Amino acid sequence: MSRTPAVDTVGIVGAGAVGQAVATALCTAGFGRRLLIASRTPEQAAALAADIDDMRQATASPVHPRAVRVADLASCQAVVIAVRASFTNTRSADVRMGGAVANAPAIGQLAAALHSYPGTVLVVTNPVDLMSRLFAELSGCERVFGIGSNLDSARYRAALARHLHVPAAAVAGHVIGEHGDAAVVCASATTVNEQRVPLPLQQLRDELATRAGRISAGIGRTRSGPAGAVLSALRKTLAVDDGIEELSAPYGGGWLGIPLRFTQGRPVACLPSLDAAERRQFTAADTKLRTAYQAVRSLPALQSPDSERAS
């Protein structure tokens, strides 16, 4: 269900590839009245704000961008965190986990700067399940969600629709667990036009496992897909639309991607029924993420006085 949008101000932290794509998507969609942009340097934030302002002028978008400091984001209804530390990821497997050590200190600093922020926070920074939990626990913010499983789910539905030559809207299905190698395809609950159909499961898993890498190999980094997932999640979390988003959130004492049903901005977990193999995979993803989080949380860079105060 859609309702009249009442979004005034959205903030973005990070003016890199994903931050640029998110800002472009929000401007193009006319989502909100003000877009506040913060980045590693004032020059980066100002440059992106100027570029988006050019787009606003050319397209008559109602979104007014402005470069700000992180501290100025307190007035936003939502903040999108798309920071990425400067590092070279040499992993060929578990690629998203390669950013944990490099990105965690930046997330810790943002958590301290936005401590007790009352709005909605969407984390895009990878590994997103770990970084979402880290930000939430250090900042004390109550509405923190990670972008990742909703993009996986969109890719899954689109891949199955292409295979069956049906519209993507005809496919109902989820990818949950980790946004990464431990993603769980909920094949047993997937339907097409509300009917169960045979699935090319290994083909679909292969497509999910390789798609991001192919995009990155061709254009340097995925950006438009994550930006679309952010826009979709903002519409649900800010009560513009009702519906389901697969987001990283607290569940059973851990944090991992689960379907959340949003009604007027309020989320309720709505996991599909899982068969025995899928339950084992979901448990394995949960265990993997808990273990990885403990390693990240113990990093010396997160034991500073600011981090301790924020926790």
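Tutor: Begin with contact, which means heavy atoms within 4.5 Å. Helices (H or I, at least four residues) and strands (E, at least two) are DSSP runs, numbered from the N terminus. This is a predicted model: local features need pLDDT of at least 70, side-chain atom pairs count only at pLDDT 80 or more, and totals for chains, interfaces and linings use all residues. Residues are numbered from 1 along each chain as its sequence is written, and side-chain values use heavy atoms, with hydrogens and water left out.

Student: Which residues of H3 meet H4?

Tutor: On the H3 side they are Ala-100, Asn-103, Ala-104, Ile-107, Gly-108, Leu-110 and Ala-111. H4 supplies Met-131, Leu-134, Phe-135, Leu-138 and Ser-139. By class, this contact has 9 nonpolar, 3 polar and no charged residues. Ala, Val, Leu, Ile, Met, Phe, Trp, Tyr, Cys and Pro count as nonpolar; Asp, Glu, Lys and Arg count as charged; the others, Gly among them, count as polar.

Student: How is the geometry of such a pair described?

Tutor: Two packed helices are described by the angle between their axes and the distance between the axes. Axes are lines fitted to C-alpha atoms, for helices over the stretch in contact, and angles run from 0 to 180 degrees between N-to-C directions. Here, the axes of H3 (residues 100-113) and H4 (residues 128-139) come within 9 Å and cross at roughly 30°.

Student: What orientation do H3 and H4 have relative to each other?

Tutor: Angles under 35 degrees count as roughly parallel, over 145 as roughly antiparallel, 65 to 115 as roughly perpendicular and the rest as oblique. H3 and H4 are therefore roughly parallel to each other.

Student: Is the crossing of H3 and H4 left-handed or right-handed?

Tutor: A crossing is left-handed if the near helix is turned anticlockwise from the far one by less than a right angle, and right-handed if clockwise. H3 passes H4 in a right-handed crossing.

Student: At what angle do H5 and H6 pack?

Tutor: H5 (residues 149-164) and H6 (residues 201-219) pack at about 120°, with their axes 10 Å apart. That makes H5 oblique to H6. Their crossing is right-handed. H5 contributes Asp-152, Arg-155, Tyr-156, Ala-159, Leu-160, Arg-162 and His-163. H6 contributes Gln-203, Leu-204, Glu-207, Leu-208, Arg-211, Ala-212 and Ile-215. By class, the H5 contact with H6 has 7 nonpolar, 2 polar and 5 charged residues.

Student: How many residues does the largest nonpolar core have?

Tutor: A nonpolar core is a set of buried Ala, Val, Leu, Ile, Met, Phe, Trp, Tyr and Cys residues joined through side-chain atoms within 4.5 Å. Buried means under 20% relative accessible area, exposed over 50%, partly exposed in between (1.4 Å probe, protein chains only). The largest core has 82 residues, and those with the most contacts inside it are Leu-73, Phe-135 and Leu-234. A second, separate core of 11 residues includes Tyr-156, Leu-160, Ala-161 and Leu-204.

Student: What does Leu-73 touch?

Tutor: Leave out residues up to four places away in sequence. Leu-73 then touches Gly-11, Val-13, Leu-36, Ala-38, Val-68, Val-79, Leu-114 and Tyr-117.

Student: Is Thr-222 buried or exposed?

Tutor: Thr-222 counts as buried, because its relative accessibility is 17%. This residue lies in the loop between H6 and H7 (224-237). Beyond four places in sequence, Thr-222 touches Val-18, Arg-155, Ala-212, Ile-215 and Ser-216.

Student: And Asp-54, buried or exposed?

Tutor: Asp-54, in H2 (residues 42-59), counts as exposed at 53% relative accessibility.

Student: Where is Arg-34 found?

Tutor: Arg-34 is in strand S2 (residues 34-38). At 23% relative accessibility, Arg-34 counts as partly exposed. Neighbours within four places aside, its contacts are Asp-8, Thr-9, Val-10, His-64, Arg-66 and Ser-75.

Student: Which backbone features deserve a look?

Tutor: A cis peptide bond joins Asn-126 and Pro-127, with omega about -5°. Pro-127 is in the loop between strand S5 (120-123) and H4. Asp-94 has a positive phi, near 50°, in a residue other than glycine. Asp-94 belongs to the loop between strand S4 (78-81) and H3.
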